[in-house]
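Keep the sequence and the 3D view open while you read.

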Amino acid sequence: MSNGRVSLKKIVKRHGAFTALHGIDLDIEPGEFFALLGPSGSGKTTTLRIVAGLEEASEGRVFLDSTDITNTEPGDRDVAMVFQSYALYPHMNVRQNIAFPMRMVGMPKGEIDAAVQDAAKKVHIEHLLDRKPGQLSGGQQQRCALARAIVRKPRLFLLDEPLSNLDAKLRLETRGELKKLQRSLGVTTIYVTHDQEEAMTIADRMAVFMDGQIVQVGSPKFVFDNPATADVANFIGSPPMNLIPASYADGRIRIGAHELQTSCRVGGERNVIAGIRPSSVRIGPSGIPARIDLIENLGDALLLDLSLDQMTIRARTGTEVTSREGESVFFSADPTAVHLFDAVTRVRIND
Amino acid sequence: MQTPVAARERRFAIYLFLPAFLVLLVTTTVPLIYLAWTSVNRVDLTSPWIKGFAGADNYSKMLGDPRFWNSLELTVIYTGTTVVLQMLIGLGLALLVLQIPRGQGILRVAAIIPIVLAPVVVGLFWRTLVLAPDFGVLDFVMRALGFGSHDWLGDPNLALASVIVIHTWQWTPFAFLVILASLSSLPPDIFEAARIDRASSVQRFWYITLPLIRPALVIVVIMRMMVALSAFAAIFAATGGGPGSATEILNLYTYRTSFTELNFGYGAALAMVLLAVTLLVSYSMFRLRTAR
């Protein structure tokens, strides 16, 4: 069994004058569940399609297990892909759809049947084999596409937003199943999503794309705890991190007329963006005064919109907060929970 | 029991339906019945004193009429050849044009031109400008290439091929346009999935493209067959069914019998046979279309 290590070296993709990817370098370990995360138009899907061979890179090389596959046909790369639209063959039933990749290489019929049964069982659609895709629900179509991908035991799975066409409840269920399936198969998987929560929950590691570049690679927890730029910080986490313009001097930041202690040990004075996650904002008897504009009750938590000098700061608190809308409160944050980014470059300052 | 609202809706529906129904009745059903009635009568203006009910005489006469069998054979050849040619050329052109990144629009517009020409104009245009011996474009090219001059429409061996070419020229764009529209509506991701699923380009065409455009292909075949079976004006203008009966398909034989030889009874019977052939062909094609 081959292992499935993927390496991208300086991948550039241009569409005429527009550059979609500005030199992507990426190494994905064998068996890893790797997410490409980013807002739409950030280049994550283009990257996936270049790995699949559906698009050609303008520059750079793609390696799969130290074989250069940059100019290899998609069918010869030993990769399988699940499309956002599922791309099932509408004129074939589920059985024929799943069998298609093996029929195309002339595998004996007996082997195909056994493999189709096996793949269908893994995604629990054995009872749907004689249906046409048009007779399946969205979730069943998604499983059919998944079965078509796993049936050929490829070295690499490519999943392009496979959950985005499912409703919220099904998406949560399928997310878990997908993760278990990937674990049991042990096949390297690249997963494209714009949903940061999806990437956080499902991936072993992820790469965050912004404007055709990878801004950060790491485990979801690491990226969440140490966002490399203010934009990553803003993109990951829901509700997004509060980004507050402030001035920094020797470990303390100044927001308007108020001061806040940070754990940063960098010396000197500079303008910064202070990032505080809503869940790290503490409402208490002392700190920076702000007014509550809006309270959203989530049942097990409250979301507060605090206004401070025309800025809105969001806080996620326990339901024990009894203040009402319109009242003034004080907020603060633990020094270690304050992220600092350079005001100009937006790059992280503290470590 | 109908509610008043439903009754009013129903009455309104009948008002909408009635005019079209009456027009159809007067222009198609009544003439058709009259045609069927004529076909079982003796109506021959060259001998008007013999008339009256003839039963199946007109039909049994056909069995021993070599000109009828000749025209039937020509109809089959004409229809079969033109439809196959249109489908092959139309599909080939559509697949080629689909690869062109720019200028598809111009080609689509250009393709409409032959279709909108009246068939009689097409027949005359080919007869005088393209196929005329010595003056025609084709003859000019053939002489330049050293193949010599030919009487494309006057030579009994060439006339049928010539009218088949004329028909194909006029109607291939129709097949081309429908197939092109069908091809360009196919979702590209299915072909990408097939590429990843290791299907070669021939396999993709055979297992994906053809089955997916099959409904369009069948519809085009049906429509092309019906038009080929009812082809008349272009042949009439180009050869008039001649030379001799070299291009006399069933339509032209019917026309000549009825309106040149003025034997309306026999002509009507021929028309009924043509109708039966057309219905049979369309029915079996529609069966083919719905068959899985």
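A residue counts as buried when its relative accessible area is under 20%, as exposed when that area is over 50%, and as partly exposed in between. Keep in mind that this is a predicted model.

**Helix 11 of chain B**

With that cut-off in hand, look at helix 11 of chain B. Which of its residues are buried? They are B:Leu250, B:Asn251, B:Leu252, B:Tyr253, B:Thr254, B:Arg256, B:Thr257 and B:Ser258. That makes 8 of the 11 residues in this helix, which spans residues 250-260, so the helix is largely enclosed by the rest of the structure. After helix 11 of chain B comes B:Leu262, which has a positive phi near 60 degrees.

**Aromatic rings**

Now for the rings. Over all chains, the structure holds 13 aromatic pairs. One of them is B:Phe68 with B:Trp69, an edge-to-face pair whose centres are 5.0 Å apart and whose planes are at 65 degrees. In this pair, B:Phe68 is buried at 4% relative accessible area, while B:Trp69 is partly exposed at 40%.

Another pair takes us back to helix 11 of chain B. The rings of B:Tyr255 and B:Phe259 sit 5.4 Å apart, centre to centre, and the pair is tilted because the planes are at 45 degrees. Where do these two stand along helix 11 of chain B? They are 4 residues apart, so about one helical turn separates them. Here is the general idea: an α-helix has 3.6 residues a turn, so residues three or four places apart point the same way.

Two packed helices are described by the angle between their axes and the distance between the axes. Here are both values for two helix pairs in this model.

| Helix pair | Axes come within | Crossing angle |
|---|---|---|
| Helix 5 (residues 119-130) and helix 7 (residues 156-184) of chain B | 11 Å | roughly 125 degrees |
| Helix 2 (residues 94-103) and helix 3 (residues 109-122) of chain A | 9 Å | roughly 125 degrees |

Take the chain B pair to begin with. Helix 5 of chain B and helix 7 of chain B are oblique to each other because of that angle, and the crossing is right-handed. On the helix 5 side, the residues that meet helix 7 of chain B are B:Pro119, B:Val122, B:Phe125 and B:Trp126. Facing them from helix 7 of chain B are B:Val165, B:Ile166, B:Trp169 and B:Gln170. Sorted by class, this contact between helix 5 and helix 7 of chain B has 7 nonpolar residues, 1 polar residue and no charged ones.

Over in chain A, helix 2 and helix 3 are also oblique to each other, and they pass in a right-handed crossing. Helix 2 of chain A brings A:Arg95, A:Ile98, A:Ala99, A:Met102 and A:Arg103 to the contact. Helix 3 of chain A answers with A:Ile112, A:Ala115, A:Val116, A:Gln117, A:Ala119 and A:Ala120. By class, the contact of helix 2 with helix 3 of chain A has 8 nonpolar, 1 polar and 2 charged residues.

**Chain A as a whole**

Let's step back a bit. Chain A has 8 helices and 20 strands, and its C-alpha atoms fill a box of roughly 75 × 45 × 35 Å along the principal axes. Of its 351 residues, 51% count as buried. Take the contacts in chain A between residues at least 6 apart in sequence: 65% of them join residues at least 24 apart.

A:Ile283 and A:Phe330 are 47 residues apart in sequence, yet their C-alpha atoms are 5.8 Å apart. Leaving out neighbours within four places in sequence, A:Ile283 is in contact with residues including A:Leu304, A:Thr317 and A:Phe330. A:Ile283 is partly exposed, at 24% relative accessible area.

**Backbone details**

Finally, some backbone spots in chain A. A:Ser238 and A:Pro239 are joined by a cis peptide bond, with omega about -5 degrees. A:Pro239 lies in the loop between helix 8 (230-235) and strand 11 (242-249) of chain A.

A:Tyr86 is not a glycine, but its phi is positive, about 75 degrees. A:Tyr86 is buried, at 4% relative accessibility. A:Lys153 also has a positive phi, near 50 degrees, but A:Lys153 is exposed, at 54% relative accessible area.

Note on methods: Residues numbered from 1 in each chain as written. Chains lettered and ligands numbered in written order. Predicted model: local features only at pLDDT ≥ 70, side-chain atom pairs only at ≥ 80, totals over all residues. Heavy atoms only, no water. Axes fitted to C-alpha atoms, helices over the stretch in contact; angles between N-to-C directions. Parallel < 35°, antiparallel > 145°, perpendicular 65-115°, else oblique. Left-handed = near helix turned anticlockwise from the far one by under 90°. Contact = heavy atoms within 4.5 Å. Nonpolar A, V, L, I, M, F, W, Y, C, P; charged D, E, K, R; others polar. Buried < 20%, exposed > 50% of the residue type's maximum accessible area, 1.4 Å probe, protein only. Phe/Tyr/Trp six-rings, centres within 6.5 Å; stacked < 30°, edge-to-face > 60°.
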